[in-house]
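Hi everyone, thanks for coming.

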Amino acid sequence: MTSRTPRDSRLRLVRPRPLAAAPRAVTQHHSRRPAPRPPEGTPPPAELARMARARLAGAARVAHWADTELRPGRDGATAQGRGTLADATAEQAAADLGLTVAQARADWDTARLAGLVEVHGDSARPGWRLRAWNRDDSAVLRGWVALFDAWSLACPEPADREHAAVAEVVSAMPQVLSFLQLSAGPVPVEQLLDLLGQRVTELRTERCEVPYGPQPAPVEAPVHAVAEDTDLAPLLDWALDALAYVGALTCADGQATLTPIGSWAVWVKLEQICVAAQSPAGNIEQNAEDMLRGCAQLRPNAARAEYRAWLAARTVGSAVTELLAAAGGEDALLRGLAFEALRVVGAAAEADVRAAADETPLRPYALLWLAEHDGTDPDDAHEVLTREEATWLWVDTAAAVADHGEAPLLVRHLESAVQPTVPALLDEVRAVGHPRTVQVLVALAAAHPDPALAKAVRRAAFQVHTGGS
């Protein structure tokens with residue numbers, strides 16, 4: 001039996017709300033319980049960041065090389081808008097860095113999946129994580145977690161296996177990883193294969209519809225029927241190899257063991273907490289970017305009070321300039337928060353915000369700000385956006401949630417999409433060309449509880465990553 005094509009899952013219709021409110025939700029949805037402590041023996045964050053830097057060293061090296069050697073307007077940075085290195089560029093990178101062309105391409109792909117470089121059409125630019133590489137451990141860890149989430153894209157899937165079977169294994173692997181994390185030690189691969197077979201059986205059972213009319217009595221199938229039917233062993237080997245490639249586990253002597261950073265990442269997923277920078281002390285004295293990061297941990301009213309105090313200590317012109325510079329960075333959460341702070345500024349920021357509307361990443365935020373400033377009800381302000389602008393903002397907001405929010409919040413973010421169906425949303429998300437599209441779709445697929453929908457989203461991520469259709 002093979003899995004069926006996912007149904008045209010419809011988004012649950014809800015009362016429209018302004019997309020500008022979505023970034024606020026990232027800061028509003030915080031659990032009141034104390035943050036759980038990682039399992040005993042988990043290395044401290046600095047040591048985890050060292051492990052992440054070690055695994056991503058090649059990717060960071062290629063990304064830094066591209067930042068230095070490739071300039072806007074030069075041909076050859078990418079090919080056909082797919083984000084892959086052009087032949088001449090790959091050969092140049094390999095020669096400059098002392099690598100083979102295959103190694104240069106592999107490191108480039110890893111850099112893309114980790115958010116160290118972001119592709120815009122047929123050119124690429126450094127991601128915000130690369131800018132923070134040497135000073136922000138949490139940015140490094142989020143980059144590694146992004147690579148961990150995209151493990152199924154990091155290594156080519158077996159060419160002789162059906163896509164449906166591969167998708168089932170990808171959907172089942174979180175349970176396998178959870179078992180490895182709870183085992184806290186080596187686990188025989190044969191035991192993991194048995195667990196994988198059970199989980200694939202459950203996924204297939206969950207997809208089955210109840211038929212109408214009288215039916216013959218069901219015949220119980222052995223637990224291993226799925227494994228015998230699909231031959232999951234090669235697919236499990238591929239999954240373990242891919243997870244070993246990203247640094248999440250090791251395999252030796254027929255046993256698999258999570259690495260310390262892999263165990264920590266699985267624990268983070270299980271606890272559904274964000275890996276985010278801690279709020280710095282003394283926000284008023286900080287620059288705009290650090291102030292906004294600190295305010296990300298505050299409730300809306302407290303954040304607005306902090307914005308007012310920060311603005312009172314500066315001239316309006318310099319404050320607006322600094323906020324827009326922070327908004328123009330690579331962190332989508334800061335973009336939303338910067339425009340929240342600009343709402344506190346009010347009319348004095350209008351001219352600068354109008355100018356910012358000419359910049360693609362800032363345009364949806366600026367248009368919403370201007371609409372509200374002109375007296376439009378915040379609940380209706382989103383109507384000033386074109387469909388493409390609304391979709392760009394949806395992806396940008398999803399990137400903020402993926403980087404800084406909890407998995408259920410990313411799933412609920414589907415409700416703010418203007419598209420009536422998931423397939424329509426995926427088509428327009430792919431067309432809009434947002435640089436974080438792959439990471440957003442991979443995170444959404446990992447978070448969504450519906451296996452059919454998660455499969456469709458994961459397929460869309462793969463198509464964007466490979467440039468397919």
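At what angle do helix H7 and helix H13 pack? Before I answer, please keep in mind that this is a predicted model. Now, H7 covers residues 137-149 and H13 covers residues 260-271, and the two pack at an angle of about 80 degrees, with their axes 11 Å apart. That makes H7 roughly perpendicular to H13.

Who sits at that crossing? From H7 we have Leu 141, Trp 144, Val 145, Phe 148 and Asp 149, and they meet Ile 261, Gly 262, Trp 264, Ala 265, Val 266 and Lys 269 of H13. Sorted by class, this contact has 8 nonpolar, 1 polar and 2 charged residues.

Let's move to the sheet. Here 3 strands form an open sheet, ordered S3-S5-S4, with antiparallel pairing. Strand S3 (187-188) and strand S4 (249-252) stand at the edges with a single partner strand each, so one side of each has no neighbour in the sheet. S3 pairs with strand S5, residues 255-258, over 2 bridges, and Val 187 has Ala 256 in S5 as its bridge partner. Across S3, S4 and S5 lies helix H9, residues 163-183, which runs at about 80 degrees to S5.

Finally, let's zoom out. The protein chain has 24 helices and 5 strands, and 50% of its 469 residues count as buried. The chain exposes about 21,700 Å², with carbon and sulfur atoms supplying 53% of that area. And among contacts with a separation of 6 or more, 70% come from residues 24 or more positions apart. Thanks, everyone!

Notes: Residues numbered from 1 in each chain as written. Predicted model: local features only at pLDDT ≥ 70, side-chain atom pairs only at ≥ 80, totals over all residues. Heavy atoms only, no water. Helix = DSSP H or I, 4+ residues; strand = E, 2+ residues; numbered from the N terminus. Buried < 20%, exposed > 50% of the residue type's maximum accessible area, 1.4 Å probe, protein only. Contact = heavy atoms within 4.5 Å. Areas by Shrake-Rupley, 256 points an atom, 1.4 Å probe, with all protein chains shown as cover. Axes fitted to C-alpha atoms, helices over the stretch in contact; angles between N-to-C directions. Parallel < 35°, antiparallel > 145°, perpendicular 65-115°, else oblique. Nonpolar A, V, L, I, M, F, W, Y, C, P; charged D, E, K, R; others polar. Pairing = 2+ DSSP bridges.
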